Amino acid sequence: MDNKSNSELKRLDDAARAAWLYYVAKNTQDEIAQKLDVSRQSAQRLVALAVSEGLVKVRLEHPITQCMELAQQLKERFGMLDCEVVPSDPSSPNDNHGLAQCGAAILERYLKSETPKVLAFGTGRALKACIDELPAMQCHHHKLVSMLGNMMSDGAASAFDIVVSMANRVNAKHYPMPLPVIASSVQEKKMLHSLQPVKSIFRLIEQADATFVGVGQITDSSPLFVDGFIDDDELDAVMTDGAKGEVISWLYDDNGKLLKNEINKRVVSAPLIINAKKPVYGIAAGEDKIVAIHAALKGKLLNSLITNEYTAKALLNLSSQ
């Protein structure tokens, strides 16, 4: 908004007022027109502008029966602690909007707790979308901790770092991990893990009341590859090794078993807890991620899931084969 003119900012202010009157105060468009001293058509356009500019965030509270049934089937099939299935747009099964709202609602439940909580986070686009849906909050008594490095190979900050952006939104104490995602050598990894601040972060992760991670597919569109953490040759190598997915950069096969390969030897991320007793939420959906999610659930790398209808049906079909 910094680059907008005063007239544009004034129009956005009016749009926000109109949206508040419509969605929160439940005014009709005629009532909004009267209160803002504009025509009914102008009131309608202001509400539409608020939506198009992202000033309004809608969260569906009414559960959809089929989604609930799919969630229960997945929960029973994989022995999960929790499972949430959101509706999916038939024309856009890879869309993350419903996941973001559902993930944000679950995060809010933890953040609203008066008891201090430690929440651990992976990274990625789906998780970042969840954070963007959170309202501003005051959560000074909670701790947010990153499970993996937030630096690219050239030292630049990752565009999808979660902990810092979330802490700015909810005012919680946070513990980022200013390390590369994958070390250049095993020796470098050992040195980084020997640092006292890193040891402290790892201890905090072990205490986490809940964990939230993305699930990455191992294809030409793999986040590890697209975001520059591994190169073409390394992608070919891990695919040859049988990698089907990754969680916080740890690569695993189609049974969810961690690979004993060169990349995993250099992954700097916190160790994964297999079959954890506390919630470990995977937030992912879409055709490309079905195999990766299925393998992660089989291997007990996740014990909770937030996904959409399309993906839920595909996971159930795959698990019955």
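# A chat about salt bridges, helices and burial

Reader: Let me start with one side chain: is Glu 262 buried or exposed?
Author: Glu 262 counts as exposed, because its relative accessibility is 52% and the cut-off for exposed is over 50%. Please keep in mind that this is a predicted model.

Reader: And which residue does Glu 262 form a salt bridge with?
Author: The partner is Lys 265, and the closest N and O atoms of the two side chains are 3.3 Å apart. Lys 265 has a relative accessibility of 42%, so this residue counts as partly exposed.

Reader: How are Glu 262 and Lys 265 placed in helix H12?
Author: They are three residues apart in H12, which runs over residues 262-266, and this means that about one helical turn separates them. As a general point, an α-helix has 3.6 residues a turn, so residues three or four places apart point the same way.

Reader: How many salt bridges does a search of the whole structure find?
Author: The search finds seven. Among them is one between Lys 128 and Asp 132, with 3.1 Å from N to O. Both of these residues belong to helix H6 (residues 125-133), where they sit four residues apart, about one turn of the helix. Lys 128 is partly exposed at a relative accessible area of 22%, and Asp 132 is partly exposed as well, at 32%.

Reader: Changing topic, I'm curious about His 294. Is it buried or exposed?
Author: His 294 is buried, with a relative accessible area of 9%, and it lies in helix H13, residues 290-298. Leaving aside residues up to four places away in sequence, His 294 touches Phe 78, Leu 315, Leu 318 and Ser 319.

Reader: How many residues of H13 are buried?
Author: Seven of the nine residues of H13 are buried, so the helix is mostly covered. Besides His 294, the buried residues of H13 include Ile 290, Ile 293 and Leu 297. What covers them includes helix H4 (65-78) and helix H14 (309-319), together with strands such as E7 (245-247) and E10 (304-308).

Reader: What follows H13?
Author: H13 is followed by Lys 300, a residue whose phi is positive, near 60°.

Reader: Where is Pro 271 found?
Author: Pro 271 is in the loop between H12 and E9. Its relative accessibility of 54% is the reason that Pro 271 counts as exposed. Not counting residues up to four places away in sequence, Pro 271 touches Phe 202 and Trp 250.

Reader: Zooming out, how is the chain divided into domains?
Author: There is a domain 1, covering 4-51, and a domain 2, covering 63-315. The C-alpha centres of domain 1 and domain 2 lie 39 Å apart.

Reader: And what radius of gyration does the chain have?
Author: The chain has 22 Å, which agrees with the value near 20 Å that a compact globule of 321 residues would have. The C-alpha trace spans about 70 × 45 × 40 Å along its principal axes. Of the 321 residues, 47% count as buried, and the secondary structure comes to 14 helices and ten strands.

Methods. Residues are numbered from 1 along each chain as its sequence is written. This is a predicted model: local features need pLDDT of at least 70, side-chain atom pairs count only at pLDDT 80 or more; totals for chains, interfaces and linings use all residues. Side-chain values use heavy atoms; hydrogens and water are left out. Domain bounds come from an automatic or database domain assignment. A salt bridge is a side-chain nitrogen of Lys or Arg within 4 Å of a carboxyl oxygen of Asp or Glu. Helices (H or I, at least four residues) and strands (E, at least two) are DSSP runs, numbered from the N terminus. Buried means under 20% relative accessible area, exposed over 50%, partly exposed in between (1.4 Å probe, protein chains only). The radius of gyration is taken over C-alpha atoms; the globule rule is 2.2 Å times the number of residues to the power 0.38. Contact means heavy atoms within 4.5 Å.
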